[in-house]
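Let's take a walk through this protein together, one stop at a time. Keep the picture open while you read.

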Amino acid sequence: MPAPTDHVPAAPARRGRRRLRSTAVTLALGGALFTVGALGLAPQQPSTPTVASGPDAPRATDPTEALRTRVRKLPADPDGWSSLGMAYVQQARSTADAATYDRARTALRKSLALRPADNFAAETGMGALESARHHFAEALTWAQRATATNPYSAPAQGVLADALTQLGRYEDSYAAVQRMTDLRPDSSALARASYTWELRGDTARARDLMNKSLQAAGTPADKAFALTHLATLALETGDPRTALKLAGTGLAAQPGDAALLEARARAHTALGHPRQAVTDFTAAVAAAPLPQYLLGLGDLQRSLGHRAEAEEQYDVLRAQETLRRASGAVPDADAVLFEADHGDPETAVEMGRAALRQRPFIAVHDAYGWALHRAGRDTEAAEQADLALALGTVSAPFHYHRALINQALGRTGAARTDLRRALETDPHFHPVDAPRARTALSRIETVR
C-alpha cells in the first residue's frame with residue numbers, strides 16, 4: 001500500500017461508531033466542495049442570486065469562449081456540451097453569478113439529450129452543478145450514476161466524495177477519495193485527501209497533502225486553490241504571517257482572486273493591519289459578493305467601530321436573504337449565523353433546522369447550535385455543538401461557540417476548556433469574538 005500521506009485510510013473505528021450513534025457531523029472552515037479541474041473548498045455559491053456590492057471587479061478572459069465556439073461548430077457533439085457545462089459550473093463558483101448556473105444546466109442537459117446513456121462526463125457535471133447549488137442529495141444521485149457508468153473516472157469519484165461529505169457520510173466519502181487517489185493522484189485528488197485529514201483534526205497531514213497538491217497543480221486555478229487553503233490552514237492554526245505570505249504568492253499569479261483576497265484580509269486582520277484588511281475584503285466582495293466575504297467585511301468594520309460601514313455589508317446580506325426566501329432555497333451556515341447574531345434568533349433556528357435537513361454537515365451543526373443558544377435553548381444547542389466537533393476538527397469558532405453554550409448551562413469547567421482551546425488554536429479567529437473569548441476566559445479564571 002502507498003505511504004499514508006498519499007492515501008486516505010478510513011477513520012478509526014471508534015470515531016466511526018461515534019458518528020453512527022450521533023448522526024452526521026463536519027467543518028468550521030466551511031465544508032469542502034470541489035469541482036472537476038479547478039477546486040473550491042467550502043461551498044461558496046449561494047443558491048439564490050446575490051446582490052452586488054462595491055465597484056466592478058476586473059474580469060479575466062472568459063474561459064468558456066473556446067468551448068462555446070466548439071458547440072456552435074459541432075452542435076451535435078455531446079462531449080463539447082458536457083465540457084461547456086462544467087466550465088460554466090466552475091465559472092459560476094468564482095463569480096457568484098446564478099445565471100451562469102442556468103447556462104451550465106442547459107449545456108449539460110443538451111449533452112444528456114444527445115447521449116442519454118453512458119454519458120458519465122455530463123452525469124459528473126450534473127453532480128458538480130447540484131453540489132455547487134447545495135442540492136447535495138441530487139448531487140449524490142448524479143455522482144452515483146456517473147460512477148456506475150464509468151467506475152474508472154477519477155473526477156466522478158471526486159464529485160461522489162463531495163456529496164457524501166456534505167451529507168455527513170464521512171467514512172463513505174473517505175473511501176471515494178481513496179478510490180480517486182488510486183485512479184489518478186493529481187492535484188484535485190490530493191486536495192480532497194488533504195481535506196479528509198483536516199476534517200479529522202490532523203492539520204499536519206492536511207498541510208503536507210495540500211503542499212503536494214500545489215506541487216502537482218497544472219493550472220493557475222489549481223495553484224490558486226492550493227495556496228488559498230494552505231493560507232487558510234496557517235490562519236486557523238494561529239500562523240497569520242505564513243498565511244500572508246502564501247496569499248500574496250497566490251495573488252501575484254492570480255490578481256483579483258476573491259478567495260485569496262479573503263485569506264490575505266484575514267491575515268492582515270490577525271496581524272493588526274486593519275486598513276489593508278478592509279482593502280482586501282472590499283476587493284473580495286467586489287469580485288464575488290458571497291456571504292462569507294460580506295460577513296467578514298462587516299464584522300471587521302464593526303470591530304473597528306465603523307458601525308455605518310458594517311451595516312452597509314449587513315444590509316447586502318439581508319437583501320440576499322430576502323432573495324433566498326423568495327426562491328425557496330435552503331439557507332447556508334453563514335446565513336444562519338448572521339440571522340442569529342444580527343436578526344431574529346427564532347428565525348435563525350428555523351433556518352438552521354431547514355439547512356440541517358438538506359446538509360447534515362459540521363458547519364451546519366455549529367450554526368444551528370449557535371442559533372439555538374441565541375434563542376435560549378442551550379440544552380439542544382449543546383447537542384449540536386458536540387456534533388460540530390465530533391470528528392476532532394480543529395476549529396477555534398466551534399470551540400468558542402460551545403464554550404458560551406456550556407457557560408450558559410453552568411458548565412464552567414467545560415467552558416474554560418473550550419475557550420482555552422479556541423484561543424490556543426487561533427488567538428485572532430474573529431475580530432469581534434476573539435476579544436470576547438479572552439474576556440470570558442479572564443472572568444472565569446478570576447472567579448476560579
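Start at Gln 90, which sits in helix H3, covering residues 78-95. Helices here are DSSP runs of H or I at least four residues long, strands are runs of E at least two long, and both are numbered from the N terminus. Is Gln 90 buried, exposed or partly exposed? Its relative accessible area is 22%, so Gln 90 counts as partly exposed. The cut-offs are under 20% for buried, over 50% for exposed and in between for partly exposed, using a 1.4 Å probe and protein chains only. Gln 90 and Pro 63 are 27 residues apart in sequence, and their C-alpha atoms are 9.6 Å apart in space.

A quick word on what you're looking at. This is a predicted model, where local features need pLDDT of at least 70 and side-chain atom pairs count only at pLDDT 80 or more, while totals for chains, interfaces and linings use all residues. Residues are numbered from 1 along each chain as its sequence is written, and side-chain values use heavy atoms, with hydrogens and water left out.

Now zoom out. The chain has 23 helices and zero strands. Of its 448 residues, 57% are buried. Take the contacts (heavy atoms within 4.5 Å) between residues at least 6 apart in sequence: 62% of them join residues at least 24 apart.

Next, let's see how some helices pair up. Helix H6 (residues 136-149) and helix H7 (residues 154-166) cross at roughly 150 degrees, and their axes come within 8 Å. Those axes are lines fitted to C-alpha atoms, for helices over the stretch in contact, and angles run from 0 to 180 degrees between N-to-C directions. That angle makes H6 roughly antiparallel to H7. Angles over 145 degrees get that label, while under 35 is roughly parallel, 65 to 115 roughly perpendicular and the rest oblique. H6 passes H7 in a left-handed crossing, where the near helix is turned anticlockwise from the far one by less than a right angle (clockwise would be right-handed). Among the residues in this contact are Phe 136 and Leu 140 of H6, along with Val 159 and Leu 160 of H7. By class, the contact of H6 with H7 has 10 nonpolar, four polar and no charged residues. Nonpolar covers Ala, Val, Leu, Ile, Met, Phe, Trp, Tyr, Cys and Pro, charged covers Asp, Glu, Lys and Arg, and the others, Gly among them, are polar.

Move along to helix H15 (residues 291-303) and helix H16 (residues 307-327), whose axes lie 7 Å apart at an angle of about 155 degrees. That makes H15 roughly antiparallel to H16, and their crossing is left-handed. What classes of residue make up the contact of H15 with H16? It divides into eight nonpolar, four polar and four charged.

Our last pair is helix H20 (residues 378-388) and helix H21 (residues 396-408), packed at about 155 degrees with axes 9 Å apart. H20 and H21 are therefore roughly antiparallel. Arg 402 is one of the H21 residues meeting H20.

The side chains of Asp 418 and Arg 402 make a polar contact at 2.8 Å. Such a contact is a pair of N or O atoms within 3.5 Å; within protein, one must be able to donate a hydrogen and the other to accept it, and residues adjacent in sequence count only if both atoms are side-chain atoms. Asp 418 has a relative accessible area of 4%, so it is buried.
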